[in-house]
Amino acid sequence: MNALTPAAGISLPGAPHLAYANGRLTLEACDLSELTARFGSPLFVYSKASMLDALGAYQRGFQGRRARICYAVKANPSLAVLQVFAQAGCGFDIVSGGELARVLAAGAQPAHIIFSGVGKTRAEMTAALSAGIGCFNVESESELDVLSDCAKALGVRAPVSIRVNPNVDAKTHPYISTGLRDNKFGVAHERTVAAYRHAASLPDLHVVGIDCHIGSQITQSTPYLDAMDRVLDLVAEVEAQGITLEHIDFGGGLGINYQGDSPPAADALWAELLQRIDKRGHADKLLMIEPGRSLVGNAGVCITEVLYLKHGEHKNFCVVDAAMNDLPRPAMYEAFHQIVPLRLGQPTASAQTYDVVGPVCESGDWLGRERSLLVAPGDHLAVLSAGAYCMSMASNYNTRGKAAEVLVDGSSARLIRSRETAQDCFRLEQLL
Ligand code: LLP
């Protein structure tokens, strides 16, 4: 087999730094079997080069423009991942006081932090105001009043943007669609101008922008273009009231390739969107975006060990040591993640079809269905596209400690999160 050539019949969707070298799966210049021997299983491994490549596509798209890329922390909040993006010049989109503390610990510039979310508490608002964050993306009129109170108490003015719900179908999974009238997110398009008037009337608020986020894993340009038109209509209406908007924040949501998905490239999508913005006369505004998945999703894999093979009359099960608590996306959204071996087997042996399942006591605990695999107990598999919304949604269900995380950079591999022990899982509990 040629070094760095994907094996025949095995696709490695969307992962430019993942390849088979002499039959062994490598991420950048690191052999994943070696990393597994060193750090154990299950193990998340992320490629720094993949993250920077993905960021590069956005940066190319915004070349020569006033733009800020605020990485959506929820996709993968590891401190080292945040550090990579902070050092590359990104701001951050946070949704909790916890994420605020994380990004500050990772070296974020407070002025480049934006705070999204429908349910910010007073304590979170106060912490973010004290840190001096750049903008609150406010999602309701009542939130404006609470934020104004908090700012007044601190003797500061809170920078605000109102999140518009444009009522546009992002054409994605219903659980991750956020821009429809019946979703809980944002202020309804029809209410937006009134909300801005209210914001402008509160002396402890300072209106700085407008924002919208219509959903996640979006693979077509049309919903973005439609939402952009709706937001630009509102920019004109709000500014006609004498309220100046310094920035337009267009959210995140760009999809990745999990299984032959073909979302537009970030630079191509933005070339189209920027044309609209310019045509409507807003080329001077600061542009902000909040991408998460598209920066980290395809940069990560989760390695898992095959524990048992169960051959049944109707189904075969490949029981692995990673589970829904590590990789919740299949259980939550029936999401597809490609699963491939770390080492290619003998071409003479034949593959069998398995459901790849974890040890958790739920039938919903599956990682992949009907996968053709050539495996034996003790082998390792890689679950691909596991850089976004996997570790960040991991839990301790079944008192399973969370997996360890490693970041590779060329041939170097650094442990960025230790494996949790059982004691870590019940550290905060007390016996009667
Ligand atoms: N901005 C806001 C306000 C958001 O709510 C989100 C994601 C983002 C930005 C980043 O979106 P992205 O670029 O990552 O699509 N757990 C789900 C995804 C939930 C997305 C929630 N909001 C999944 O595993 O597919």
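Me: How far apart are the C-alpha centres of domain 1 and domain 2?
Reply: The C-alpha centres of the two domains lie 36 Å apart. Keep in mind that this is a predicted model.

Me: Which residues belong to which domain?
Reply: Domain 1 takes residues 2–47 + 297–426. Domain 2 takes 116–291.

Me: How many residues does each domain give to the contact?
Reply: Domain 1 gives 12 residues and domain 2 gives 8 residues.

Me: OK, the core. How many residues are in the largest nonpolar core?
Reply: That core has 100 residues. F85, F136, F250 and W270 have the most contacts inside it.

Me: Which element gives it the largest share?
Reply: Helix α8 does, with 9 residues.

Me: And where does this core lie relative to the domains?
Reply: Domain 1 and domain 2 both give residues to the core, so it lies between them.

Me: Why would such residues gather in one place?
Reply: In soluble globular proteins, nonpolar side chains tend to be buried together.

Me: What does W270 touch?
Reply: W270 touches Y58, F62, M228, F250, I277, L287 and I289. That list leaves out residues up to four places away in sequence.

Me: What is in the second core?
Reply: The second core is separate and has 22 residues. Among them are L18, L25, L32 and V301.

Me: Switching to rings. How many aromatic pairs are there?
Reply: The structure holds 7 aromatic pairs.

Me: Take Y224 and F250. What are the distance and angle between their rings?
Reply: The ring centres are 6.1 Å apart and the planes are at 45 degrees, so the pair is tilted.

Me: Where do Y224 and F250 sit in the chain?
Reply: Y224 is in helix α8. F250 is in the loop between β12 (247–249) and α9 (266–279). They are 26 residues apart, and the pair links distant parts of the chain.

Me: Is Y224 buried or exposed? And what about F250, buried or exposed?
Reply: Y224 is buried, with a relative accessible area of 4%. F250 is buried too, at 3%.

Me: Which residues do ring pairs link into a cluster?
Reply: The cluster holds F62, Y224, F250 and W270. W270 and F250 were also named for having the most contacts in the largest core.

Me: What about charges over rings? Which ring does R369 sit over?
Reply: The charged end of R369 sits over the ring of W366, 4.0 Å from its centre.

Me: And K120, which ring face does that lie over?
Reply: K120 lies over the face of F115, at 5.7 Å from the ring centre.

Me: Helix α7 next. Which of its residues are buried?
Reply: Helix α7 spans residues 192–201, and its buried residues are T192, V193, A195, Y196 and A199. Seen down the helix axis, they fall within an arc of 155 degrees, so they line one face of α7.

Me: Why do residues a few places apart point the same way in an α-helix?
Reply: An α-helix has 3.6 residues a turn, so residues three or four places apart point the same way.

Me: What do the buried residues of α7 pack against?
Reply: They pack against two helices, α6 (141–154) and α8 (222–239). They also pack against β9 (158–165), β10 (187–188) and β11 (205–211).

Me: Now the backbone. What is the peptide bond from S41 to P42, cis or trans?
Reply: The bond from S41 to P42 is cis, with omega near -5 degrees. P42 is in the loop between α1 (32–39) and β4 (43–47).

Me: What is phi of E370?
Reply: Phi of E370 is near 50 degrees, a positive value in a residue other than glycine. E370 is in strand β18, residues 366–373. At 54% relative accessibility, E370 counts as exposed.

Me: And phi of N398?
Reply: Phi of N398 is near 65 degrees, a positive value. N398 lies in the loop between β19 (380–383) and β20 (404–409). It is partly exposed, at 34%.

Me: Last topic. How far apart are L344 and R24?
Reply: Along the chain, L344 and R24 are 320 residues apart. Their C-alpha atoms are separated by 6.6 Å. L344 is in the loop between β16 (339–341) and β17 (352–357).

Note on methods: Residues are numbered from 1 along each chain as its sequence is written. This is a predicted model: local features need pLDDT of at least 70, side-chain atom pairs count only at pLDDT 80 or more; totals for chains, interfaces and linings use all residues. Side-chain values use heavy atoms; hydrogens and water are left out. Buried means under 20% relative accessible area, exposed over 50%, partly exposed in between (1.4 Å probe, protein chains only). Helices (H or I, at least four residues) and strands (E, at least two) are DSSP runs, numbered from the N terminus. The arc is that of the directions from the helix axis to the C-beta atoms. Contact means heavy atoms within 4.5 Å. A nonpolar core is a set of buried Ala, Val, Leu, Ile, Met, Phe, Trp, Tyr and Cys residues joined through side-chain atoms within 4.5 Å. Domain bounds come from an automatic or database domain assignment. Rings of Phe, Tyr and Trp (its six-membered ring) pair if their centres lie within 6.5 Å; planes under 30 degrees apart count as stacked, over 60 as edge-to-face and the rest as tilted. A charge sits over a ring if NZ of Lys or CZ of Arg is within 6 Å of the ring centre and within 35 degrees of the ring normal.
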